[in-house]
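Consider the structure shown here. The paragraphs that follow go through a loop residue, a strand and a pair of helices.

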Amino acid sequence: MPIDEGRAFIPVRIAVLTVSDTRGIAEDRSGDALIERLESAGHILAARYIERDDRSAIVARLHAWIDDPQIDVILTTGGTGVTGRDVTPEALAQVQDKEIPGFGELFRWLSYQSIGTSTIQSRATACVARGTYIFALPGSTGAVKDAWDGILVTQLDSRFRPCNFVELMPRLMEL
């Protein structure tokens with residue numbers, strides 16, 4: 001799909017939330033990969049945090065960032081599997097106004113190309129919450145690369161045709 005070079009690029013302000021009980025900033029390769037990609041694409045890192053696998057803590061962090069006018073998009077990495085501690089999709093469900101089901105579907109289709117049927121263990125998802133986009137990605141570096149390179153790099157580019165998430169941002173709070 002084409003990038004319309006005649007249109008202006010609009011950088012978006014993106015927060016990166018790593019959900020993990022075991023990683024600190026020094027070990028957060030998935031968060032690092034997202035930050036490298038978003039900044040290389042011309043976007044702005046608005047915030048970064050590592051939150052433990054605790055639904056209430058994740059929900060609180062999401063609410064704070066959703067209400068921050070300096071954050072347009074939240075990318076989470078981790079907590080999307082099927083184990084008992086994986087609660088990121090449930091946290092998103094608590095804050096979302098509208099689910100974006102096509103994101104998870106497309107992510108799993110792309111991921112299948114890399115890891116085969118193991119992709120079925122991913123509960124990657126996305127939503128809009130009070131005018132903020134939230135994308136929940138698995139915690140592996142490969143998964144965040146697949147999500148960014150295969151979906152987000154174009155959908156967060158205001159020049160991408162025929163349509164993109166950025167051009168819809170002014171209308172997300174319409175009644």
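Ser122 is buried, its relative accessible area being 12% (buried means under 20%, exposed over 50% and partly exposed in between, with a 1.4 Å probe and protein chains only). Ser122 lies in the loop between helix H4 (101-115) and strand S5 (125-129). Apart from neighbours within four places in sequence, Ser122 is in contact (heavy atoms within 4.5 Å) with Thr80, Phe107, Arg108 and Pro138.

This is a predicted model, in which local features need pLDDT of at least 70 and side-chain atom pairs count only at pLDDT 80 or more, while totals for chains, interfaces and linings use all residues. Residues are numbered from 1 along each chain as its sequence is written, and side-chain values use heavy atoms, with hydrogens and water left out.

Strand S3 (residues 73-77) is largely enclosed by the rest of the structure, because five of its five residues are buried. Val73, Leu75 and Thr77 cover one side, and Ile74 and Thr76 the other. Strand S1 (residues 13-19) runs parallel to S3, joined by five bridges (pairing requires at least two DSSP bridges). Ala15 has Ile74 as its bridge partner in S3. Strand S6 (residues 132-137) also pairs with S3 in the parallel sense, over five bridges, and Leu75 stands opposite Phe135 in S6.

Helices (H or I, at least four residues) and strands (E, at least two) are DSSP runs, numbered from the N terminus. The axes of helix H2 (residues 55-66) and helix H3 (residues 88-95) come within 9 Å and cross at roughly 45°. H2 is therefore oblique to H3 (under 35 degrees counts as roughly parallel, over 145 as roughly antiparallel, 65 to 115 as roughly perpendicular, and the rest as oblique). Axes are lines fitted to C-alpha atoms, for helices over the stretch in contact, and angles run from 0 to 180 degrees between N-to-C directions.
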